[in-house]
Amino acid sequence: MSDLAVFDQYESEVRGYIRSFPVVFERAQGSVLTADDGREYLDFFSGAGVVNYGHNNPVFTNALIDYLQRGGIIHGLDMATSAKRDFIEAFQRLVLAPRGLDYKMQFTGPTGANAVESALKLARQATGRQNVVAFTNAFHGLSLGALAATGNEKYRTAGGVSLGDVTRLPYDGYLGAGVDTLDLLERMLDDPGSGLDLPAAVIVETIQGEGGINVAGAGWLQRLRAITEQRGILLIVDDIQSGVGRSGAFFSFEASGIVPDLVTVSKSISASGLPMAMLLMRPEIDVWKPGAHTGTFRGNNLAFVSARVALETYWADSAFTDAIAEREQQLRSALEGIAAEFPAAEFTVRGRGLMYGLASTAMPQLAAAASQQAFERGVVIETSGARDEVLKFLPALTITAEELDRGIAVVREALAAALGADA
């Protein structure tokens with residue numbers, strides 16, 4: 001039986017990424033994935049934003065090995081452990097305090113969807129209201145509460161039940177340039193005949209990752225914050241994919257200057273790829289009764305260890321964000337050059353930090369074809385958007401300038417091949 005045949009025979013049909021990247025990966029280091037046949041692939045995927053600091057970063061692996069060798073607690077439910085204490089203190093000292101943020105931390109189950117479920121439940125408890133406003137092309141997770149706030153038809157259909165208590169409204173730019181979609185939200189909130197019940201919360205991604213790298217403008221976010229504050233509506237920012245440096249700052253909302261009521265954080269917060277998720281909340285919103293929202297794996301102490309080391313290594317000064325800004329300029333310039341080189345595709349370049357997309361509404365099938373061609377040439381890159389029309393760039397934040405240039409050159413060749421042009 002071949003290496004892939006065992007997956008075909010025994011693993012559920014639900015498997016996804018293995019179909020796009022059909023090799024058996026064995027090792028990884030930095031921005032390079034190595035298959036079991038020894039072939040190397042440059043990673044522009046980063047585990048969908050999980051390994052922002054690169055694969056097997058020795059700063060983290062050494063700390064984890066040391067922790068294991070001295071018998072550190074691995075599983076601790078929500079009991080007090082030294083690993084959790086040290087992470088909490090580091091997060092307060094290096095992330096919250098420098099930004100003037102006053103949040104309490106809740107460690108939810110290990111996935112981003114767990115954090116979203118917690119945020120929605122808590123918002124409903126704190127306000128006594130049920131309805132939540134979410135936006136077009138949003139992705140918030142696939143458990144039922146989070147799925148109700150998710151926009152993609154493919155995922156919603158798989159739910160198999162009615163998905164209620166969420167009102168869907170247009171995201172920034174959804175109705176085209178020059179249309180402020182918040183006019184509709186404000187009008188509906190203020191009109192007792194609109195049918196929009198006063199919501200407990202509005203949940204928003206400042207950069208929609210799975211939805212197609214749609215970036216909300218700072219002014220739009222500031223107005224959204226003002227609308228919610230004026231009406232006693234809680235604002236939840238889903239920072240699961242765009243946070244932890246992906247947008248260029250630790251939190252994606254920093255660029256707009258807003259302060260959300262609740263923030264969901266996961267994916268790269270552990271730094272090492274270990275499962276970890278957390279909900280940040282203003283202290284007055286913390287109305288949980290003890291044990292009201294639990295989970296067996298909400299105390300991943302190995303994740304606390306690597307998360308703390310990441311904060312101490314990368315977030316004690318501005319050197320890391322300065323380096324991200326340099327790589328962003330390099331990436332954006334290259335993508336704009338590619339867009340100009342292939343005018344038939346009518347590409348738009350969108351994104352921030354090291355979260356970018358090349359989107360073609362003229363040729364929505366092009367992104368998937370280019371992803372396949374890039375993989376055959378040794379680059380792992382995924383697609384996003386409702387029609388998979390966006391080629392999505394999520395390189396490690398630690399990627400070198402040479403690796404970034406090399407990967408972009410391969411993507412350019414892949415696009416040329418997909419378009420039938422001369423490479």
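Where is V244 found? Keep that one in mind; it gets its solution in Exercise 1.

A quick note before you start: this is a predicted model, where local features need pLDDT of at least 70, side-chain atom pairs count only at pLDDT 80 or more, and totals for chains, interfaces and linings use all residues. Residues are numbered from 1 along each chain as its sequence is written, and side-chain values use heavy atoms, with hydrogens and water left out.

**Exercise 1. Locate V244 and A48, and look at their phi angles.**

Step 1. V244 sits in the loop between strand 10 (234–238) and strand 11 (262–265). Helices (H or I, at least four residues) and strands (E, at least two) are DSSP runs, numbered from the N terminus.

Step 2. Its phi is near 55°, which is positive even though V244 is a residue other than glycine. Most residues other than glycine have a negative phi.

Step 3. Buried or exposed? With a relative accessible area of 3%, V244 is buried (buried means under 20% relative accessible area, exposed over 50%, partly exposed in between, with a 1.4 Å probe and protein chains only).

Step 4. Now A48: it isn't a glycine either, and its phi is positive, about 60°. A48 belongs to helix 3 (residues 46–49), and its 7% relative accessibility makes it count as buried.

**Exercise 2. Check the span of helix 4 and find its buried side.**

Step 1. Helix 4 (residues 58–69) has 12 residues, so at 1.5 Å a residue it should span 16 Å. The expected span is 1.5 Å times one less than the number of residues. The end C-alpha atoms are 16 Å apart, which agrees.

Step 2. Pick out the buried residues of helix 4: F60, A63, L64 and Y67. They cover an arc of only 100° around the axis, so they are on the same side of helix 4; the arc is that of the directions from the helix axis to the C-beta atoms.

Step 3. Those buried residues pack against helix 5 (82–96) and helix 11 (301–314), where contact means heavy atoms within 4.5 Å. The face turned away from the buried side carries the exposed residues N62 and Q69.

Step 4. Finish with what follows: after helix 4 comes G71, with a positive phi near 75°.

**Exercise 3. Describe how helix 9 and helix 10 pack.**

Step 1. Helix 9 (residues 182–190) and helix 10 (residues 218–230) have axes 11 Å apart, at an angle of about 10°. Axes are lines fitted to C-alpha atoms, for helices over the stretch in contact, and angles run from 0 to 180 degrees between N-to-C directions.

Step 2. The two helices are therefore roughly parallel (angles under 35 degrees count as roughly parallel, over 145 as roughly antiparallel, 65 to 115 as roughly perpendicular and the rest as oblique).

Step 3. Helix 9 brings L182, D183, L185, E186 and L189 to the contact, while helix 10 brings W220, R223, L224, I227 and Q230.

Step 4. The buried residues of helix 10 are W220, L221, L224, R225, I227 and T228. Their arc is 165°, so they line one face of the helix. Among the elements covering them are strand 5 (132–135) and helix 9.
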